[in-house]
Amino acid sequence: LMLGMEMSYVLRQGFFYARAHPIKVFTALVDSIPAVWSQRLALASMEDIKSRPNAKEYELAKIDFTQKTGPQAKREEMYQSSVIQWLERTENKFLLPLRTWVKLYGMFESGNRTFANIMKADLYDIQKRDTLAARELFGVSTDWTESDIKETGRIANIFSGRGTGLKGGSPWLDFFFLARRWLWSRLQADFVVPVQLMTPKMIGQWNADRGMRAALAKLYIQTFLGHATKLAMAYFAYSILAGDDEEDKPTMEWDPRASDAWSLKIGETRIKDEGGLMPAIVLAARIATGEMKTSSGEIKSIYGEDVQYGGKAVDDFVIDFARYKLGTGPSAALELMSGRDSVGKVIAKKDDPLAVPKHIVTSRITPLTWREIAAAEKELGVANGTLALLESFFGVSVSTHGDRAVIATGNTIL
């Protein structure tokens, strides 16, 4: 329930797809948004995928299409809750309000699943087309082999949030870690595949196939240009909506040692549109330099004797990063024991013994996206707040801090 009731797959799991192929994304949304309201339309979309020219290759390629029911590994990672499944089956009338909430949750699962499956098929089709076109340009064989099919399927899975080489469907691992397979897919797409792309003969990946490497390079270039364009458009839009008030105009933090690195800052609101990867980059930058940058611009050491009294050291940042990746159950246990949320903010005063349990329950049954939206609307006003609402609904992280926010989440979920 905490991660539902939105279409975050579009800009989060679909980070590469949305930036590189915006027209394809629009077409996918035409099918997936109606699927929120109709299971029949969701099934019809899957039948359309099965009728594509490359449909027979999808099975051999092991495209990881997901489904509403069945083994846990075959369901979308954000929608594997055993509690949700139990509530869907129970007939207890006292649980009717929660069951109604669960039905809404299931509607958006249908929309996100439909979008994800279309995305996987599109990525396979596009990569096959671009690989064959590159081979023809280079004057090499355009035969499409079984090995090509499997490798293109691997790429389609990685770039759609279904990382390869990490087994899914483990109840215990999925309980302890939040979206671990999606996190692994981002690490693969951002770091592993580029290394393989640049050193094919050393690693032996793709047998140094120039056509496949050219197709992947094209995907990265399109993604970079698309992402830069979207950031520029967002900056321009927020600036226009702010009017003549300079304090309400967006600014950008470029220092990777800062918590707000590469995010748009508008007042106390931070808009992060990098698909959830920045916490890992910020941690790496801090470890590499031994320094952090505060929200006020001050540079502080995080190593050894140079750490200021009461300040955070490098091990604190590593622990905080690991805590972000915990599932909702283990993170709730930590909050109960410490009285602090995932960013270290004190949940309540000690004279209210029920404050922490109430916070844990309400934060787990109310969608994070809509809490972010409520805080942004309060902080930014109607115009900028509405734009932030749309961004957050489709997968951009929008977090608001400070006294002016009614709901200060401060969370960036990977």
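Reply: Start with K62. K62 sits in the loop between helix 4 (55-61) and helix 5 (82-89). This is a predicted model, so each value here is computed from it. The phi angle of K62 is near 60 degrees, a positive value in a residue other than glycine. Is K62 buried or exposed? Its relative accessibility is 64%, so K62 counts as exposed, the cut-off being over 50%.

W262 lies in the loop between strand 1 (251-252) and strand 2 (264-266). Its relative accessibility is 36%, so W262 counts as partly exposed.

Now take a buried residue. E6 belongs to the segment before helix 1 (15-20). E6 has a relative accessibility of 4%, so it counts as buried. Along the chain, E6 and K272 are 266 residues apart. Their C-alpha atoms are separated by 17 Å.

Next comes helix 16. Helix 16 covers residues 368-393. A straight helix of 26 residues would span 38 Å at 1.5 Å a residue. Between its end C-alpha atoms, helix 16 spans only 10 Å. Where does helix 16 bend? The bend is at G381, and it comes to about 140 degrees. Just after helix 16, G395 has a positive phi of about 115 degrees.

A pair of aromatic rings is described by the distance of the centres and the angle of the planes. The count comes to ten aromatic pairs. One of them joins F108 and F393. Their centres are 6.1 Å apart, with 80 degrees between the planes, and the pair is edge-to-face. F108 lies in helix 6 and F393 in helix 16, so the pair ties together parts that are 285 residues apart in sequence. Both F108 and F393 are buried. For F393 the relative accessible area is 16%, and the cut-off for buried is under 20%.

F393 has another ring partner, W370. The ring centres of W370 and F393 are 6.2 Å apart and their planes stand at 65 degrees, so this pair is edge-to-face. W370 has a relative accessibility of 37%, so W370 counts as partly exposed, whereas F393 is buried. Elsewhere, ring pairs link F15, F16, F159 and Y220 into a cluster.

Last, look for empty space inside. Rolling a probe the size of a water molecule over the atoms shows where empty space is left. A search of the whole structure finds five cavities of 30 Å³ or more. The second largest cavity holds about 60 Å³ of space. Which residues line the second largest cavity? They are Y9, Q13, E76, E77, M78, A116, M119, K120, S160, G161, R162 and W182. By type, the lining divides into five nonpolar, three polar and four charged residues. Helix 6 (residues 96-138) gives the most to this lining, with three residues. Helix 6 is also where F108 lies.

Terms used:
Residues are numbered from 1 along each chain as its sequence is written. This is a predicted model: local features need pLDDT of at least 70, side-chain atom pairs count only at pLDDT 80 or more; totals for chains, interfaces and linings use all residues. Side-chain values use heavy atoms; hydrogens and water are left out. On a 1 Å grid over the protein atoms alone, a cavity is a set of points where a 1.4 Å probe fits but cannot get out, and a pocket is an open set with protein on both sides within 12 Å along at least five of seven lines; lining residues have an atom within 4 Å of a point. Grid points are joined across faces, edges and corners, and a volume is the space filled by probe spheres set on the points. Helices (H or I, at least four residues) and strands (E, at least two) are DSSP runs, numbered from the N terminus. Ala, Val, Leu, Ile, Met, Phe, Trp, Tyr, Cys and Pro count as nonpolar, Asp, Glu, Lys and Arg as charged, and the others, Gly among them, as polar. The expected span of a helix is 1.5 Å times one less than its number of residues. The bend at a residue is the angle between axes fitted to the seven residues ending there and the seven starting there. Rings of Phe, Tyr and Trp (its six-membered ring) pair if their centres lie within 6.5 Å; planes under 30 degrees apart count as stacked, over 60 as edge-to-face and the rest as tilted. Buried means under 20% relative accessible area, exposed over 50%, partly exposed in between (1.4 Å probe, protein chains only).
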